[in-house]
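User: I am new to reading protein models. Please take me through the terms used for this one.
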Amino acid sequence: MDQHLPAPQAVTVVRLPDGTYTYADATHLPAPQVPQQIVQHIHQAPPDRTVQRVALGSGVGAGAIAAGVYFGPLLIGALTAIAANLAFLAFIALVLGWSVVTVVRAIAPGGDTARRGRNAR
């Protein structure tokens, strides 16, 4: 009676593309496909756009693009504002110093205090 039964086939455990495992005959499965490599060329891009293009190509996402577009000019604006404030404060210190020296010379008795100081030595 055993001779009328079909011959046993070798069944193997196969991993499916979604990561699960199943029992299947490997000859009936489609051939695994090799993932294609995506090559992105960046030509003659200005330095501020290069980072954004690399971020787009590598799948980093919109966060890197927003950071490059938003925070770059924001940083330049903040540094410019700081420099303008420091220049204004230096100008105020210069004017105050000049005015103090002028007032002291005007109030000091005896005329020109600088000449008197040099002659005293």
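User: Where does Pro 17 lie, and how do you know that?

Analyst: Pro 17 sits in the loop between β1 (12-15) and β2 (21-24). Strands are DSSP runs of E, at least two residues long; helices are runs of H or I, at least four; both are numbered from the N terminus. This is a predicted model: local features need pLDDT of at least 70, side-chain atom pairs count only at pLDDT 80 or more, and totals for chains, interfaces and linings use all residues. Residues are numbered from 1 along each chain as its sequence is written, and side-chain values use heavy atoms, with hydrogens and water left out.

User: What about Val 95?

Analyst: Val 95 lies in helix α2 (residues 62-107). Its relative accessibility is 37%, so Val 95 counts as partly exposed.

User: How many residues of the protein chain count as buried?

Analyst: Of its 121 residues, 4% count as buried.

User: What share of the contacts links residues 24 or more positions apart?

Analyst: Contact means heavy atoms within 4.5 Å. Among contacts in the protein chain with a separation of 6 or more, residues 24 or more positions apart account for 0%.

Terms used:
Buried < 20%, exposed > 50% of the residue type's maximum accessible area, 1.4 Å probe, protein only.
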